[in-house]
Each structure stands twice: as C-alpha cells, then as structure tokens.
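Please look over the sequence and the 3D structure before reading on. The notes after them are a short briefing, grouped by topic.

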Amino acid sequence: EGSPDRELAALLNSGPSNVVPLHRTSAPPAARSGATPDVFQLKVTLLNTKPPIWRRILVDPTTSLDTLHEYIQAAFGWWNCHLYEFEIGRTSYGVPDPDWDLGPPVKHARRFTLNRVAKVGDSFRYSYDFGDGWEHKVTIERSIQREPGMIVPACVDGRRACPPEDCGGPWGYEELLKIVADPSHPEHVERMQWLEEWGGGRRDPNAFDRTDFTFN
C-alpha cells in the first residue's frame with residue numbers, strides 16, 4: 001500500500017544494520033567517531049526517453065549493488081517487481097539463475113559493493129524489467145564529503161515523472177502519453193482507466209518533486 005518510494009524506504013529502514021535509513025537526523029556512527037567517509041553522487045538517466053528522465057542520488061560508496069538497485073527504484077518510483085541487472089565493464093551483476101542464464105555468468109549483486117566495482121567518473125548500465133526493457137545510464141559524478149546531518153541515501157534532484165510499470169517500455173510509454181493527451185483517441189478512456197487502476201493514477205509526465213522520496 002502507499003507509494004513505492006515509501007514502501008522501499010520502510011523496507012530499507014527495517015533492513016540489515018549496515019543499511020543507512022532514508023531519513024536520518026544525526027550523523028552515522030563513523031562520522032560521530034571523527035571519521036568523515038565520502039559520499040558518491042550518482043546521476044541515473046533513463047535512456048530512450050525525450051525529454052530525458054533522470055535522478056541524482058547520494059549513496060554510501062560501500063553500498064552493495066543489490067541495495068543500490070533498491071535506492072534507484074525508490075528514487076524513480078518503480079515498484080521493484082521485476083528482475084534487474086548491472087553491467088559494469090564486462091561483468092554483469094544481478095540475481096543469478098542457473099536455469100535461465102544463457103550468456104556469461106551473472107555475479108550476485110549482494111556480494112559486491114559499489115566502490116569495489118566502480119570509481120568516480122565511471123558510467124555503467126542498469127537494466128530493469130527485461131520485458132519492457134528499461135535501460136538506465138548510471139554515472140558516478142563525484143565524491144563529496146559527508147557532513148553532520150547529511151541524509152544518505154537521498155534523492156537530491158531529478159526531472160520528469162517515472163513511467164508506470166508494465167506500460168511497454170520507452171516506446172509504449174510514448175504511445176501512452178499520446179493517447180491520454182488525445183480525448184478523441186479510441187483507446188483514450190481505456191488507457192485512462194488503466195492508469196487510474198494500475199498506473200499509479202493520472203499523472204503529469206513532467207512532474208517531479210524530490211521531497212516525494214523522503215521517508216517521514
């Protein structure tokens with residue numbers, strides 16, 4: 001129930017002890033002890049969408065790739081109900097399935113931290129929902145110093161609303177926007193009903209408010 005960002009925020013707040021909650025009012029233990037671990041600033045861009053849909057997020061460099069997947073899901077507003085995969089260099093990370101993996105072996109994303117496989121300046125691919133084919137470009141833009149009271153992870157900037165799940169990928173989403181914007185289209189009523197029931201309600205495709213992703 002509720003919105004996907006709050007669902008995932010609640011999940012992360014009750015997760016393993018090494019996961020930093022989405023909303024924190026005090027500095028983490030490392031910072032209180034005098035250390036100042038850096039924070040990675042990432043830009044995650046959903047490819048094949050015009051104008052581009054993107055989010056800028058702050059994450060701990062020691063975040064596992066499996067947890068990074070959940071952060072990206074929360075920042076975009078995806079529902080985390082499909083498979084995913086990171087492709088960094090020539091290596092794929094995700095959830096291995098020996099019965100279905102036909103290509104090179106996929107390494108388990110839970111066993112690798114972001115700073116182990118990438119560094120500042122690197123870009124890599126993040127795929128979500130292999131059926132719809134949502135492809136994202138993730139760039140580690142810079143490393144910034146963690147300051148007292150800084151919320152990590154956090155979504156600090158972005159543009160445009162996330163497409164609804166199961167709408168047919170970038171091209172299906174483009175067609176959906178055209179249909180809902182045209183009351184005379186023969187599928188207009190049907191698509192509007194689908195959006196209301198399964199697509200998170202009627203939405204402005206240009207809307208974005210980073211405070212939607214703060215866990216309260």
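The model is predicted.

**The sheet**
- Eight strands make up an open sheet with mixed pairing, and their order is S5-S4-S3-S6-S7-S1-S2-S8.
- Strand S5 (107–108) and strand S8 (154–159) are the edge strands, and each of them pairs on one side only.
- Strand S3 (residues 84–88) pairs with strand S6 (residues 123–128) in the antiparallel sense, over four bridges.
- Tyr84 has Tyr128 as its bridge partner in S6.
- Helix H3 packs on the sheet, where it touches several strands, including strand S1 (38–46), strand S4 (91–94) and strand S7 (134–145).
- The direction of H3 makes about 130° with that of S2.

**Helices H5 and H6**
- The axes of helix H5 (residues 169–180) and helix H6 (residues 188–198) come within 9 Å and cross at roughly 115°.
- That angle makes H5 roughly perpendicular to H6.
- The crossing of H5 past H6 is left-handed.
- H5 contributes Glu175, Leu176, Ile179 and Val180 to the contact, while H6 contributes His188, Arg191, Met192, Trp194 and Leu195.
- Of the residues in this contact, six are nonpolar, one is polar and two are charged.

**Ser64**
- Ser64 lies in the loop between strand S2 (53–59) and helix H3 (65–76).
- Is Ser64 buried or exposed? Ser64 counts as buried because its relative accessibility is 14%, and buried means under 20%.
- Apart from neighbours within four places in sequence, Ser64 is in contact with Ala109, Arg110, Phe112 and Thr113.

Methods:
Residues numbered from 1 in each chain as written. Predicted model: local features only at pLDDT ≥ 70, side-chain atom pairs only at ≥ 80, totals over all residues. Heavy atoms only, no water. Helix = DSSP H or I, 4+ residues; strand = E, 2+ residues; numbered from the N terminus. Buried < 20%, exposed > 50% of the residue type's maximum accessible area, 1.4 Å probe, protein only. Contact = heavy atoms within 4.5 Å. Axes fitted to C-alpha atoms, helices over the stretch in contact; angles between N-to-C directions. Parallel < 35°, antiparallel > 145°, perpendicular 65-115°, else oblique. Left-handed = near helix turned anticlockwise from the far one by under 90°. Nonpolar A, V, L, I, M, F, W, Y, C, P; charged D, E, K, R; others polar. Pairing = 2+ DSSP bridges.
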